[in-house]
Amino acid sequence: MSEAVERQWNVRDAVLKWLYLRTAEGAHAPVPHVDDVMEAVGWEGRPITREEVAKATTHLRDRGFIKGTAVMGGGVARPMITADGELYADRGVSVRDQFEARVPANTTNNITFHGNVTGNVAAGSTHVTQSFDARVTIEKVNAVADMLAKAVADRGVDDEQAREATEIVETLRLEAGRSNWVRVREMLGKAFSAAAMATATAGGEALPQLVMDAMQSLPM
């Protein structure tokens, strides 16, 4: 693989990791300044250029790792990380890879299904047999929704953050009832980002752990 191609992938990974870190620190749709990206990820070697960052955000947006509005001249001016983007950044997986490629050969994970489960959840995987209890998952998703709803009730819905939380609550309950786990995973990622609001309410400090529990209960 050429040096230029390797650098291109490294820049994409750096931008995603930067956004993940800044979002965790409470930044909402930060501007991807080159110096900030390099500092956040400890970039070594030839400095990244603004053009490379713009191209990276476009690629990440096209792949569904970030979202945001494209700007004239290329790139996403104020990107927001998606649930998939958070999972890749958190696990240290390059956006050039698939999670399945990182499962060791001859390794099998066995889980048991309970409840009303539809569809071939483990389709395409040769090393994973999945199981999950849909009823338990729905209970955990609803626990997240309940805590966010309490935060909204305590603070009102006048500000943008509270309105977004209300949408997350309604969508979580609706899609969990439909067993639309892809959509549920996306909304849980948003719920994690909204944790700062919930921590201002009684018991709200437990929200991040509730979100992680619900995430882990979802089918892979």
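How many aromatic pairs does the structure hold?

## Aromatic pair

The structure holds one aromatic pair. Rings of Phe, Tyr and Trp (its six-membered ring) pair if their centres lie within 6.5 Å; planes under 30 degrees apart count as stacked, over 60 as edge-to-face and the rest as tilted. Here the partners are Phe65 and Tyr88, in an edge-to-face arrangement. Their centres are 4.8 Å apart, with 65° between the planes.

The pair links distant parts of the chain, 23 residues apart. Phe65 sits in the loop between H3 and strand S1 (66–67), and Tyr88 in helix H4 (residues 83–91). Helices (H or I, at least four residues) and strands (E, at least two) are DSSP runs, numbered from the N terminus. Both Phe65 and Tyr88 are buried. Buried means under 20% relative accessible area, exposed over 50%, partly exposed in between (1.4 Å probe, protein chains only).

## Model and confidence

This is a predicted model: local features need pLDDT of at least 70, side-chain atom pairs count only at pLDDT 80 or more, and totals for chains, interfaces and linings use all residues. Residues are numbered from 1 along each chain as its sequence is written, and side-chain values use heavy atoms, with hydrogens and water left out.

The pLDDT is the predictor's confidence in each residue, from 0 to 100. Its mean over the protein is 78, and 74% of residues reach 70 or more. Confidence is highest in helix H2 (residues 34–41), at a mean of 95, and lowest in strand S4 (residues 128–129), at 44. Over residues 100–131 the pLDDT is below 50. Beyond near neighbours in sequence, that stretch still has 41 contacts in the model (contact means heavy atoms within 4.5 Å). Where pLDDT is low, the predicted coordinates should not be read in detail.

## Salt bridges

The structure holds eight salt bridges. The criterion is a side-chain nitrogen of Lys or Arg within 4 Å of a carboxyl oxygen of Asp or Glu. Arg22 bridges to Asp36, with the closest N and O atoms 2.6 Å apart. Arg22 lies in helix H1 (residues 3–24) and Asp36 in helix H2, so the pair ties together parts that are 14 residues apart in sequence. Arg22 is buried, at 16% relative accessible area. Asp36 is partly exposed, at 21%.

Asp146 forms a salt bridge with Arg173, at 2.5 Å between the closest N and O atoms. This one ties helix H5 (residues 134–155), which holds Asp146, to helix H6 (residues 160–177), which holds Arg173. The two parts are 27 residues apart in sequence. Asp146 is partly exposed, at 43%, and so is Arg173, at 37%. Salt bridges that share partners also join Arg22, Glu25 and Asp36 into one network.

## Thr57 in helix H3

Helix H3 (residues 50–63) also holds Thr57. Thr57 counts as buried because its relative accessibility is 1%. A polar atom of its side chain lies 2.8 Å from the backbone oxygen of Ala54. Leaving aside neighbours within four places in sequence, Thr57 is in contact with Val15, Ile66, Gly75 and Val76.

## Charge over a ring

Arg12 lies over the face of Trp9, 4.5 Å from the ring centre. A charge sits over a ring if NZ of Lys or CZ of Arg is within 6 Å of the ring centre and within 35 degrees of the ring normal.

Key
Polar contact = N/O pair within 3.5 Å; in protein donor to acceptor, adjacent residues only side chain to side chain.
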